[in-house]
Structure formats: structure tokens, C-alpha cells
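Hello,

Here is the structure I promised to pass on. Have a look at it first, and then read my notes below.

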Amino acid sequence: DARDQTAVLMQRCSAMSDLKEGDWICSGCYDHQFAKNDSCRKCGTPKGRVTVASTVACHPAFDIVEPVSPEEVDAFLAEHTDIQPHAAEKLRTLDPRVQRVIIMKGSMTDARDQTAV
């Protein structure tokens, strides 16, 4: 991840918009997997059903993800007080299933320099 919480969040949002045909989300740990992977490179969960769609919001890879609640998004943002408003708004506008994957990537409290960007 990057140097500050805003950059980390923006990088995570960007990564979720880069899913290619056949890419999938691990049902075990919600990590983004490339189409070539037969199992999750992070936790070893086998590849599930994969189909193709044109946008992140409707990408079938997110079908296995339980949508996050607005309260969970609020709690995540409250935990990371150095996130700039434009990054928080970007997270809030994403599909709730994409939000869950981003939040599940873990805390950003250990970002090295919270004022770098």
C-alpha cells in the first residue's frame, strides 16, 4: 500500500475497477484473483464460478460478496481519520459489494506518512 490513508484508499478503489474478463474475487478472503489462478494466491480457496461483465458494479466476481452496510462504511472511515473527503466520497459511491472487498483488505492505520498526498 501507499504512504498515506487517502492514497491507500484510492489505490484500493482503482484496483477494484481493473477486473478483467475471467478475474474473480475469492470467497474465502475477498482478494482479487486473476483469471489464470485456479485457487486464491492468498488463502488457497479454489476458484468458483466465473462469468464476464463489463463494469465493476455488475461484475459477476462480486456476486459472492455480501454488501456492506452504510454503517460499516461509516465505521471504516471513522477509523481512518486522515482520509481526504474526495477519497471518502469515492468509497461511498461504489457498489456496496465492492466497498466490502476494499474494507476487507484491512486497516490503513499503519500508513507511513498520513499527510504525504
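Which residues in helix 4 are buried? They are Arg97, Val98, Gln99, Arg100, Val101, Ile102 and Ile103, where buried means under 20% relative accessible area with a 1.4 Å probe, protein chains only. Helices here are DSSP runs of H or I with at least four residues, and strands are runs of E with at least two, numbered from the N terminus.

Before going on, please note that this is a predicted model: local features need pLDDT of at least 70, side-chain atom pairs count only at pLDDT 80 or more, and totals for chains, interfaces and linings use all residues. Residues are numbered from 1 along each chain as its sequence is written, and side-chain values use heavy atoms, with hydrogens and water left out.

Back to helix 4, which spans residues 96–104: seven of its nine residues are buried, so this helix is largely enclosed by the rest of the structure. Its buried residues pack against helix 1 (5–16), strand 1 (24–25), helix 2 (70–79) and helix 3 (85–93). At the start of helix 4, a side-chain oxygen of Asp95 comes to within 2.8 Å of the backbone nitrogen of Arg97. After the helix comes Gly106, with a positive phi near 110°.

Of its 117 residues, 42% count as buried. Among contacts (heavy atoms within 4.5 Å) with a separation of 6 or more, 61% join residues 24 or more positions apart.

Enjoy exploring!

Definitions and conventions: Buried < 20%, exposed > 50% of the residue type's maximum accessible area, 1.4 Å probe, protein only. Polar contact = N/O pair within 3.5 Å; in protein donor to acceptor, adjacent residues only side chain to side chain.
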